[in-house]
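Please take a look at the structure below.

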Amino acid sequence: LLQPAVSVGNVGQLAIDLVISTLDMTKVGYFYTDCLVPMVGNNPYATAEENSTELSINAEVYSLPSKKLVVLQIRSPFIKNKYRPFCETLLSWVKSSKCARVVLLSSSHAYQRDDEQLLGTPLRYLLTPDLEKAVGGRVQELNWKEMEKVAAYPGISDTDKVLHIPGGGITKLLFTESCSKGIQMAVLLKFCSEGDNIPDAFVLVNYLNEWLQLIKSEVSTSNNSTDPSSQWKIPSSWRLLFGNGLPPALF
Amino acid sequence: MATFFGEVVVAPSRAGLDEEEEAREETPEDLEIRREIEKKRYRHRCSRGGQIDVLWTWKSGGCAEELLVCSRFIVAIGRNAAAFLSSFILDSVCWEVVGVVKLWNEWCRTSSTTNVLPTDSFCLFYRLISDPTVLLCQCSCYVAEDQQFQWLEKVFGSMQKKGLQVTILSTCPVADYKTQESTLTLASPFLKALKTKEFQDQVCCPLLEQPNIVRDLPAA
């Protein structure tokens, strides 16, 4: 199960949009939940007039049987105090549907990084102990960086180190609950800030692709560089993210 | 994010409610405010409990489980849509009041009276006298996020939904409409629609294009 956390810059959700759109996934269901703000619109992945009129709501499930992939997309924020029940329901669904593993795409506030985190890659991962056993080796091969723990009380030197994911929404809760419930979960996150988060989404989805190989990453032989952005299909609903056209009378 | 003056503030998330707010420890003031709001909401719960209650005039005490047979349900959400119904559809000759929603939230409060002024916040249900399966709802009050699901369950829970056709009327500011051109030059007001697969009738206006969406009670 691949899903986003509603987090800073909505990067996880944007990345999931890219996955669903590129792999042309089929909608197989939705969550009827009182935990998310209601919203509805027409098909966000429409490619033509014919497929543009299917309604879409705030929590929908898509699947691609050929890759044994199920994707959950979340499109609205949590209602106050409802994020816990949602996480509980979600994890019990993961268990009851015998889902093998969960991959959570998320993000964290870039401004909360410490000096070391400011250097190098802005991408991090986390694995629950059960998944560590299965894919820990692969992750080492990919040279990925694990999300660092921080001191529980900054400034005091010998305190316990805890996991802290500011701006990550339900990421930490889902991860800690998965650890204790023996669920195989991986968290992939990027440090970012609010703004135009489309490039962040591309970076995150390519990070995911290094591991899951959802699409073939092509290397262009002519100029010896990869342009990974071109292989992901941008959904039609990403139009006009920054407002409408300008009135001509303005000039 | 750092502001111009060098202070670090939490940037508001485009998502509206960054989960950070939920996960953060509540300050004593936050806790107090939340407790007061909950107390107020509790005080306004009617006898059957719950933040929202739907009172139907046709339900006597004995048959509380009786479902209203409904073939067409028209819901007008918001003051404009409610005013539309008042101006063009409703009258005391053809329509009778059959229900009222009682709720309280920080933005508005409705009462169980059915004698309302247009400027009140209310949520009333009417039935067409000549065809009692046609139901109409005028909801000019604001239904808070965490009450919307309850509203839905309680209202639709009282209906027998076989063969039911629901029409939802609502308004949105033109400035919220996302389009290639500027909204300044758009001929407004204009109608847009969303419909489910099951709706087979002709729709009287174009469908709402992406990336526009509908939220809150109409979406619910």
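In what order do the six strands of the open sheet in chain B lie? The order is β1-β4-β5-β6-β3-β8, and the pairing is mixed.

## Reading the model

This is a predicted model: local features need pLDDT of at least 70, side-chain atom pairs count only at pLDDT 80 or more, and totals for chains, interfaces and linings use all residues. Residues are numbered from 1 along each chain as its sequence is written, chains are lettered from A and ligands numbered from 1 in the order in which they are written, and side-chain values use heavy atoms, without hydrogens and water.

## The sheet in chain B

Helices (H or I, at least four residues) and strands (E, at least two) are DSSP runs, numbered from the N terminus. Two strands pair if DSSP finds at least two bridges between them. Strands of a sheet pair through backbone hydrogen bonds, either parallel or antiparallel.

Strands β1 (52-56) and β8 (165-170) of chain B are the edges, since each pairs on one side only. Neighbouring strands of this sheet are turned by 20° against each other on average, direction ignored. Axes here are lines fitted to C-alpha atoms, for helices over the stretch in contact, and angles run from 0 to 180 degrees between N-to-C directions.

## Strand β6 and its partners

Follow β6(B) next. Five bridges join β5 (residues 123-128) to β6 (residues 134-139) of chain B, and these two strands run antiparallel. They form a hairpin with five residues between them. B:Arg127 has B:Leu135 as its bridge partner in β6(B).

Six bridges join β3(B) to β6(B), and this pair runs parallel. Here B:Ala76 has B:Gln138 as its bridge partner in β6(B).

Is β6(B) mostly covered or mostly open? It is mostly covered: six of its six residues are buried. Buried means under 20% relative accessible area, exposed over 50%, and partly exposed in between (1.4 Å probe, protein chains only). In a regular strand the side chains alternate between the two faces of the sheet. In β6(B), B:Val134, B:Leu136 and B:Gln138 point one way, while B:Leu135, B:Cys137 and B:Cys139 point the other way.

## Helices across the sheet

Helix α3 (residues 79-88) of chain B lies across β3 (72-77), β6 and β8 of chain B, at about 130° to β6(B). Helix α4 (residues 145-157) of chain B lies across β1, β3, β4 (95-103), β5, β6 and β8 of chain B, at about 25° to β1(B). Contact means heavy atoms within 4.5 Å.

## The core in chain A

A nonpolar core is a set of buried Ala, Val, Leu, Ile, Met, Phe, Trp, Tyr and Cys residues joined through side-chain atoms within 4.5 Å. The largest one has 41 residues, and A:Val19 and A:Leu188 touch the most other members. The largest share, eight residues, comes from α6(A).

Leaving out residues up to four places away in sequence, A:Val19 touches several others, including A:Leu2, A:Met25 and A:Trp232.

## Chain A as a whole

Chain A holds six helices and 11 strands. Of its 251 residues, 51% count as buried. Its C-alpha atoms fill a box of roughly 60 × 45 × 40 Å, taken along the principal axes.
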